[in-house]
Amino acid sequence: MGNKWISRINLTVVLIILTIISLGVLYPLVYVVSAAFSPGNSIASLNVIPFGDGFTLKHFTHLFTKTNYLIWFKNTLIIATSTSISTIFVASLGAYVFSRFHFTMKKSMMLTMLILQIFPSFVGMIAIYVILLRIGGLDTLWGLVLVYLAGNIPYNTWMVKSYIDTISKSLDESARIDGANHLTIFWKIIMPIARPIITFLGITSFTAPWMDFIFPKMILRSADKQTLALGLFSFVTDKKNEFTVFAAGALLVAIPFIIFFIITQKTMVTSFGGAAVKE
Amino acid sequence: MGIRLKEDGSSRKKLFITSILFMGLGHIIYLKQYVKGLLYAGIEIAMLVMLPNIIHKLNDMITLGTPKPDLPVKLRDHSIFMLIDGVMMLALIFLFVAIYIISVRSAMADYKEFCTEKRLKTNRESLSRILGKAFPVFGLAPTVGLVVFFVVVPLIFSACVAFTNYSSPEHIPPNNTVDWVGMDNFVAMFGGDSTWTMALGRVALWTLVWAVLATATCYFGGMIMAVVLMDNKLKVAPIFRGIFILPYAVPSVVSMLVWQNLLNGSFGTVNRTLMQLGLIEKAIPWLSNEWLAKFTTVLINLWAGFPYFMLLVTGTMTAISADLYEAAKIDGAGRFQIFKKITLPLVLYQTMPLIIMSFTHNINNFGAIFFLTGGSPVVSDSTITNAGGTDILVTWIYKLTVNLMKYNYASVLAIMIFLILAPFAIFQFRRTKSYKEGEL
């Protein structure tokens, strides 16, 4: 009997602790949601109790009518989609070549890629700026996509290569006997089998540009070329504090992210864990 | 010496010399592969045509231009363009040499085949072979092109800048030129200039402490949550798990900016709440006291980072065989013992690579610092160095580049990051399957 009591008390204590932690985890999220619907502007004027100020949708209308929110959203979507598609294509093609062919300087090329991926890409931002200036890529969306794509290649090529290495070579060989060329083998055999890692690559390279700040700030100048991260950041700079508008804008980005994440989290974690453990 | 190749392999030297003499010459004269040979020759001719220009650019890179104060700004020498062009020319030469080596090797390989097959391949055969054999070249062309011009050239450029005086206010083109200064920046940063040396020591130490703390708190926080929620007696576990995942799903710029506002010393909601509850008398300087700010960054990073490891450890734990636990229970092991002797070692072993990846990620974790504290609060050397109390190396690099325009010092820091992270990259490399199997 005593044991049962102890374990019940244990369970209650655990539940209480978990509830307290949950409150801590949820607190900022709930507060942002409430701020998005609260009248008032800066965070200083908000009631400390969530939803304590009443309810309004005016920040959302403000976003859509008075700011360039939709343009930011469109730009970011274009950048993210192009980055994702081009990264998948370039990185997996490179990974296939590295995995299946032997050629001069393969070893040094792979080592170079490995060393390159440890640098955050903005270390070379002055040079990137000048190079974009030379090829007319400043203040254009494609210039930014090019920078993201190049930065994505070293790590992701390695990651996909490690995965393709685990696919049996006998599959390629039998296809080659049937007369398939390399491109067909890559497209019809390797890509479908490597789908988990390709999906993972697609998702990570799609989500990263949404919230990147440094490169858009450097490359995109004109008002109609801004991205969401730049736009949202501009609401809460030192000069002005429009926390409620920021909250409304952030909410509109975060909700699709959360839904998307909950749908894909199982695949994400298993691919991520799997990709790393497998190598 | 005819233009016919001998089948016994004695023409090796002849072919080798011809191939080296001019790219593609061996292919045209001896192997009769006109298409391939002309392609190679075309590359060399293009390179020769550009040669004066290349030499000119390389010379500019060495001199970095001369000051011409009497000319209008637009006509003066722009040292930075000269430096970048020079680095690009070096990259071009490197690519050219690589193609040259490939061409000679391909000629020798074709000759070897000729010796065994006793006949030259027809043009058609060699064309179809090119399509097959050149696949790696076409497959890697976008990768190499992009990586060379958008990753390697910028990095080499910034390594070069560490040896120049490219900095505000006296050496910013186009008004002024930049000069090579040798090791001066390193000397200044490592002992020569006490303010900068102090700042560097402080920031470098904090970067390491931050990366260790950030990784350890998130890992063990996540692990504890995973273990507690795995307990089968807890029927509500999925609900808690669902809640705990949320911070991971929110884009980190958003959550860090939100926290920055909530924790603001004067008008932040956290302080106002605590005051209205009567728990504190005056505002807590979450982000404006140096040590408290450091603590806060780690704490908020825990908030944002533990869900990832919770998911990961949960995934790893479900893969541990149930037999192990059964056997341990039969042997009379308690729950804590089981955790210490079975779960912990197995999970640690499985997730070790990811812990290391997370550590290197945290060394470069720009967002977690920049959007939460902006590197503040100000400390004694901040007015000169711009490095605040919570700045790590990457955020400092950003500030040196964007605010102070001290590009030379920023590049020294970039080299330091490289030195810190290179061992981890090598470790990661040695773990890969291809390395272990001796392929590389």
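Me: Before we start, how are residues and chains labelled, and what limits apply to the model?
Reply: Residues are numbered from 1 along each chain as its sequence is written, while chains are lettered from A and ligands numbered from 1 in the order in which they are written. Because this is a predicted model, local features need pLDDT of at least 70 and side-chain atom pairs count only at pLDDT 80 or more, whereas totals for chains, interfaces and linings use all residues.

Me: OK, how many helices and strands are in chain B?
Reply: Chain B has 19 helices and 0 strands, where helices (H or I, at least four residues) and strands (E, at least two) are DSSP runs numbered from the N terminus.

Me: And is chain B spread out or compact?
Reply: Its radius of gyration, taken over C-alpha atoms, is 31 Å, well over the 22 Å from the globule rule (2.2 Å times the number of residues to the power 0.38) for 440 residues, so chain B is more spread out than a compact globule. Its C-alpha atoms fill a box of roughly 100 × 80 × 35 Å along the principal axes.

Me: What about helix 3 of chain B, where does it bend?
Reply: Helix 3 bends by about 50° at B:Leu51, and the proline B:Pro52 follows within four residues; the bend is the angle between axes fitted to the seven residues ending at a residue and the seven starting there.

Me: Which of its residues are buried?
Reply: They are B:Lys36, B:Gly37, B:Tyr40, B:Lys57 and B:Met61, where buried means that 20 or more other C-beta atoms, placed from the backbone, lie within 10 Å of the residue's own, exposed means 12 or fewer, and partly exposed is in between.

Me: Switching to the contact, how many residues does each chain give?
Reply: The contact takes 74 residues from chain A and 78 residues from chain B, and two residues are in contact if their C-beta atoms, placed from the backbone, lie within 7 Å.

Me: Which helix of chain A gives the most there?
Reply: On the side of chain A that touches chain B, helix 12 of chain A gives the most, with 14 residues.

Me: Last one, what is chain A made of?
Reply: Chain A comes to 12 helices and 0 strands, and buried residues make up 41% of its 279 residues. Along its principal axes, the C-alpha trace of chain A spans about 75 × 70 × 30 Å.
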